[in-house]
Amino acid sequence: MNHWLVKTEPDVYSWERFVKEGRAMWDGVRNYQARNNLMKMKKGDKVLFYHSNVGKEVVGVAVVAGEHYPDPTAKEPGWAAVDLKPVKELQRPVGLDRIRSVPGLKDMLLLRHSRLSVIPVAAAEFRAILRISEAA
DNA sequence: GCCAACGTTGGC
DNA sequence: GCCAACGTTGGC
């Protein structure tokens, strides 16, 4: 199983709305690297849900509920969307500065490639984020 | 609101 | 095919 992180601006699409709706079509990705990552997602992969711009923190965990299909919002062919479902909200959000302060997480692509919106996450990194969210 | 990083576009 | 100009993202 692979792990991922997706970014969304909460003003545009928030975790709260995601939970309320129970499912999301992750569409609108118009960056090749991000698209390639989307297309590698397998059903059951776990996904960190990150609020960019406002909050700058990981707020929850989602799961890939449906693998990629052509993005219906794209004018050109070749873009992809996946379906995500919420799994759980983090006990407390894990902020970007917190992540940056952890030596083992310094190499996360989230930090090193800050403009990518669909990012692979190592299993150990994924676990570390969850552990931080559960620490007092 | 500014700016750095970086991807994309288009002229040559 | 190179590279300058431009657009977008996202942290600060």
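Predicted model: local features only at pLDDT ≥ 70, side-chain atom pairs only at ≥ 80, totals over all residues.

1. Helix H2 spans residues 32-40, and its buried residues are Ala34, Arg35, Asn37 and Leu38. These residues lie on the same side of H2, because they cover an arc of only 160 degrees around the axis. In general, residues three or four places apart in an α-helix point the same way, since there are 3.6 residues a turn.

2. The buried residues of H2 pack against several strands, namely S1 (3-8), S2 (24-26), S4 (57-70), S5 (80-95) and S6 (118-121). At the start of H2, the backbone nitrogen of Gln33 has a side-chain oxygen of Asn31 within 3.0 Å.

3. His51 belongs to strand S3, residues 46-51. With a relative accessible area of 6%, His51 falls under the 20% cut-off and is therefore buried. Leaving aside residues up to four places away in sequence, His51 touches Thr8, Pro10, Ser14, Trp15, Glu16, Lys56, Glu57 and Val59. With Trp15 there is also a polar contact: a polar side-chain atom of His51 lies 3.0 Å from the backbone nitrogen of Trp15.

4. Which residues surround DNA strand B? They are Asn31, Tyr32, His113 and Arg115. By class, one residue of this surface is nonpolar, two are polar and one is charged.

5. Sugar or phosphate accounts for 58% of the atoms of DNA strand B within 4 Å of the protein, and bases for the rest.

How values were computed:
Residues numbered from 1 in each chain as written. Chains lettered and ligands numbered in written order. Heavy atoms only, no water. Buried < 20%, exposed > 50% of the residue type's maximum accessible area, 1.4 Å probe, protein only. Helix = DSSP H or I, 4+ residues; strand = E, 2+ residues; numbered from the N terminus. Arc of directions from axis to C-beta. Contact = heavy atoms within 4.5 Å. Polar contact = N/O pair within 3.5 Å; in protein donor to acceptor, adjacent residues only side chain to side chain. Near = heavy atom within 4 Å. Nonpolar A, V, L, I, M, F, W, Y, C, P; charged D, E, K, R; others polar.
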